[in-house]
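Here is a quick walk through one protein chain, written to be read with the model open beside you. Take it a heading at a time and click along.

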Amino acid sequence: MLLTLTTTHQPATDLGHLLIKHPDRVHAFDVPVGTAHVFYPEADEQRCTAVLLLDVDPLKLAAARGRGRKATTAPESFTLGRYVNDRPYAASSLLASALSKVYRSALRGASKERPELAARGIPLEVRVPVLRCRGGADVAERVFGPLGWEVTATAIPLDELHPQWGDSRYVDLTLTGTLRVADALNHLYVLLPVLDDAKHYWVAPDEVDKLLRAGAGWLADHPERGLIIRRYLAHRRALAGTALERLDAQRPTDEPTADDELADAVPAEPAPRASLAALRRQAVHAALVDAGAHRVLDLGCGGGALLATLIGDRRFTEIVGTDVSTQALTLATRRLRLDRLPERQRTRVTLRQSALTYRDERLCGYDAAVLMEVVEHVDPPRLPALEDAVFGYARPTTVVVTTPNVEHNVRYEGLPAGAFRHADHRFEWTRAEFADWVRRVGATYGYSAVVHGVGPDDPETGAPTQLAVFTRAEAAR
């Protein structure tokens with residue numbers, strides 16, 4: 001089975017620096033089921049292609065499957081299936097595992113030689129010529145399309161000489177787009193086994209950590225995240241529930257998990273309570289209403305979950321969502337269905353690319369601004385720049401800030417001690433630390449503030465989310 005990654009970025013051979021695999025060499029890596037090879041059939045200034053070829057040894061595969069716990073979702077779980085199956089030929093979770101070993105540093109976005117290139121998107125084309133895809137080409141479009149890829153998934157016929165037999169369970173998949181190499185590899189690492197809908201190994205609780213780490217920045221807002229989580233975690237309801245709960249404890253742009261999604265991913269009895277993400281949105285909405293705001297900024301809007309709530313309230317006459325990520329803004333556009341809204345509704349909403357650590361005159365003069373689960377994604381040395389840009393320069397009348405309460409993390413089963421709720425969090429504050437930050441920012445920029453919790457209030461650890469409402473001093477008089 002193989003996967004190709006091609007770029008036309010110039011010089012195209014920079015791909016070797018991003019993958020940390022020299023184009024002039026053939027690289028070989030031992031993996032539990034065989035050998036993974038990386039080589040470059042073309043590598044010049046205009047075009048460079050890296051091939052990941054996984055050579056599966058059927059005997060090693062059978063031996064690997066015979067070790068450990070027997071419960072897996074792989075279709076060859078029956079005895080004879082261990083030796084007669086499609087695994088050496090069709091892309092599956094085997095290829096995803098090989099990818100994670102071979103491109104370990106590239107998955108993290110690390111590149112000593114080209115750090116600036118690793119941090120930005122370049123033109124990429126990915127091809128997986130034979131991919132087992134349960135649900136057909138439509139599922140491939142549904143999972144890859146929202147991530148910025150142009151998807152071409154062509155069903156492979158059972159037999160080209162007998163077209164009346166119909167299509168096989170395999171597709172020839174091609175993805176094109178302008179993305180970071182790290183993002184592309186993480187998409188593939190998660191979604192190849194999702195499309196296959198099978199894992200070749202026992203799915204243990206640590207798979208939740210792997211999923212959230214690889215899905216950082218995109219899974220929480222993905223419109224098909226229920227399907228992705230369910231399939232990636234081998235339809236294990238308890239693990240899927242843990243993954244959804246931890247996603248809801250991260251950024252506020254998460255897809256709502258109550259009602260249809262939670263019922264689809266992890267059926268519960270009785271009906272599930274409102275997720276923490278939903279409670280946060282409700283608390284922020286209430287704070288904006290109490291402040292009498294009409295023109296509102298959602299700073300770091302991500303996939304637009306809060307924007308969807310605000311659009312439903314006619315009191316908000318102008319709603320602006322900003323994010324540094326164009327991919328997030330694309331997700332927000334799709335979630336809000338801006339192209340389908342009546343013109344009167346559509347003119348109330350604007351999406352803009354903007355970095356919160358830089359002054360932006362387009363954000364001045366608004367009644368309120370929201371930073372919902374945003375500040376913890378900023379490196380601490382850059383926080384003063386954010387404070388200046390929002391509180392010092394834009395100076396909205398009201399600022400609503402939410403952030404995790406790190407003391408409550410001990411209540412999340414499966415979250416390792418000392419770990420943050422999200423792989424992209426740069427810090428998480430205690431209640432005292434957040435209160436100190438609120439007091440300092442208020443004193444520096446002329447705001448008064450009140451702080452309270454969001455979510456169930458634990459007598460020992462406090463609520464899972466902290467919320468502060470800043471009011472500009474001259475506006476309060």
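## A cut-off to start with

A residue counts as buried under 20% relative accessible area, as exposed over 50%, and as partly exposed in between. Keep in mind as you go that this is a predicted model.

Q46 shows the cut-off at work: its relative accessibility is 47%, so Q46 counts as partly exposed. You'll find Q46 in the loop between strand 3 (34-43) and strand 4 (48-56).

## The chain as a whole

Now zoom out. The chain has 477 residues, and 52% of them count as buried. Its secondary structure comes to 18 helices and 14 strands.

The accessible surface is about 21100 Å², with 51% of that belonging to carbon and sulfur atoms. As for who touches whom, take the contacts between residues at least 6 apart in sequence: 73% of these join residues at least 24 apart.

## What Q46 meets

Back to Q46. Which residues does Q46 touch, not counting those up to four places away in sequence? They are T7, T8, Q10 and A12. With T8, the C-alpha to C-alpha separation from Q46 is 5.6 Å, although the two are 38 residues apart along the chain.

One of those partners, Q10, has a backbone detail of its own: a cis peptide bond joins Q10 to P11, with omega about 0 degrees. P11 itself is in the loop between strand 1 (2-7) and helix 1 (14-19).

## Two residues with positive phi

I20 isn't a glycine, yet its phi is positive, at about 60 degrees. To find I20, look in the loop between helix 1 and strand 2 (27-31). With a relative accessible area of 43%, I20 is partly exposed.

A234 also has a positive phi of about 60 degrees without being a glycine. This one lies in the loop between helix 9 (225-232) and helix 10 (237-248). Is A234 buried or exposed? Its relative accessible area is 12%, so A234 is buried.

## Helix 7 against helix 9

On the helix 7 side, the contact uses Y189, V190, L191, P193, V194 and L195. Helix 9 answers with L227, I228, R231 and Y232. By type, that contact has nine nonpolar residues, no polar ones and one charged.

## Helix 16 against helix 17

The crossing is right-handed.

Which residues make this contact? From helix 16 come P384, E387, D388, F391 and G392, and from helix 17 come W437, R440, V441 and Y445. Sorted by type, the residues of this contact are five nonpolar, one polar and three charged.

Technical notes:
Residues are numbered from 1 along each chain as its sequence is written. This is a predicted model: local features need pLDDT of at least 70, side-chain atom pairs count only at pLDDT 80 or more; totals for chains, interfaces and linings use all residues. Side-chain values use heavy atoms; hydrogens and water are left out. A crossing is left-handed if the near helix is turned anticlockwise from the far one by less than a right angle, and right-handed if clockwise. Helices (H or I, at least four residues) and strands (E, at least two) are DSSP runs, numbered from the N terminus. Contact means heavy atoms within 4.5 Å. Ala, Val, Leu, Ile, Met, Phe, Trp, Tyr, Cys and Pro count as nonpolar, Asp, Glu, Lys and Arg as charged, and the others, Gly among them, as polar. Buried means under 20% relative accessible area, exposed over 50%, partly exposed in between (1.4 Å probe, protein chains only). Accessible areas come from the Shrake-Rupley method with a 1.4 Å probe; for residues, only the protein chains shown count as cover.
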